[in-house]
Amino acid sequence: MVLVVGLTGGIACGKSTASRVLREEGAHVIDADEVARAVLAPGTPAAKQAAEAFKDAEGVVEHTARGPAINRERLGEVIFADSAKRRRLGEIVNRPIFFAMARALCAAWWALPPGALVVLDVPLLFETVVFPWVCEGVVVVTAPEAVQRKRPVARNGYAPAHAQARIDAQMPQEEKRRRATHVID
């Protein structure tokens, strides 16, 4: 049997770095962000639904030969400024992301040798309700609030207000700490 561990953390806390290190050390990482990109790939059912739902939001939908493409950066600006739009996107993508993650986890259970480490890298791990139950433990990566506010501005070019909106939309770090099995500061 494989060991399944959840990995989560707020924006700009270093979760991606922790995930990369675990992968380099031999862990099998199932990355929810990678799955989300695949779910919203041009021409997919979710991309078509998102295109319809966000057709009035300037710059979100681009038309390609494979079907509608979603500009993820622009979509992020839209949904982090409006909780109703964020919920609507969740209605569109959460189910296909969950099923794709579950398929990847089942495949890992069958393919990997006993004792192998499988990491579910999920930014909204606790919010999913289901994934924490399949994890033997959950690692939360945190960062000081000042660092968390500065990194997305420097790294992604976000306006400070947009970075703060993304932080505010997530579960507070202290709540994640409380639910964690292990914390990386």
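Here are some friendly notes on a predicted model, point by point.

1. **Ground rules.** Because this is a prediction, local features need pLDDT of at least 70 and side-chain atom pairs count only at pLDDT 80 or more, while totals for chains, interfaces and linings use all residues. Residues are numbered from 1 along each chain as its sequence is written, and side-chain values use heavy atoms, with hydrogens and water left out.

2. **The main core.** A nonpolar core is a set of buried Ala, Val, Leu, Ile, Met, Phe, Trp, Tyr and Cys residues joined through side-chain atoms within 4.5 Å. Buried means under 20% relative accessible area, exposed over 50%, and partly exposed in between (1.4 Å probe, protein chains only). The largest core has 39 residues, and Phe54, Ile70, Leu75, Val93, Met101 and Leu120 touch the most other members. Several elements each supply at least two residues, among them helix H2 (32-39), helix H5 (83-111) and strand S5 (117-121); helices (H or I, at least four residues) and strands (E, at least two) are DSSP runs, numbered from the N terminus. H5 gives the most, with eight residues.

3. **A second core.** Look also for a separate core of 10 residues, which includes Ala27, Val29, Val139 and Ala143.

4. Ile97 lies in helix H5 and is buried, with a relative accessible area of 15%. Leaving aside neighbours within four places in sequence, Ile97 is in contact (heavy atoms within 4.5 Å) with Val35, Ala36 and Val39. Val35 is 62 residues away along the chain, yet the C-alpha atoms of Ile97 and Val35 are separated by 6.2 Å.

5. Most residues other than glycine have a negative phi. Ala12, however, has a positive phi of about 65° although it is not a glycine. You will find Ala12 in the loop between strand S1 (3-9) and helix H1 (15-24), where it counts as buried at 7% relative accessibility.

6. **Salt bridges.** A salt bridge is a side-chain nitrogen of Lys or Arg within 4 Å of a carboxyl oxygen of Asp or Glu, and the count comes to 11. In helix H1, Glu24 and Arg20 sit four residues apart, about one turn of the helix, and their side chains meet at 3.3 Å, N to O. Glu24 is exposed at 57%, whereas Arg20 is partly exposed at 42%.

7. In helix H9 (residues 173-179), Arg177 and Glu174 are three residues apart and form a salt bridge at 3.4 Å, N to O. Salt bridges that share partners join Glu174, Arg177 and Asp185 into one network.
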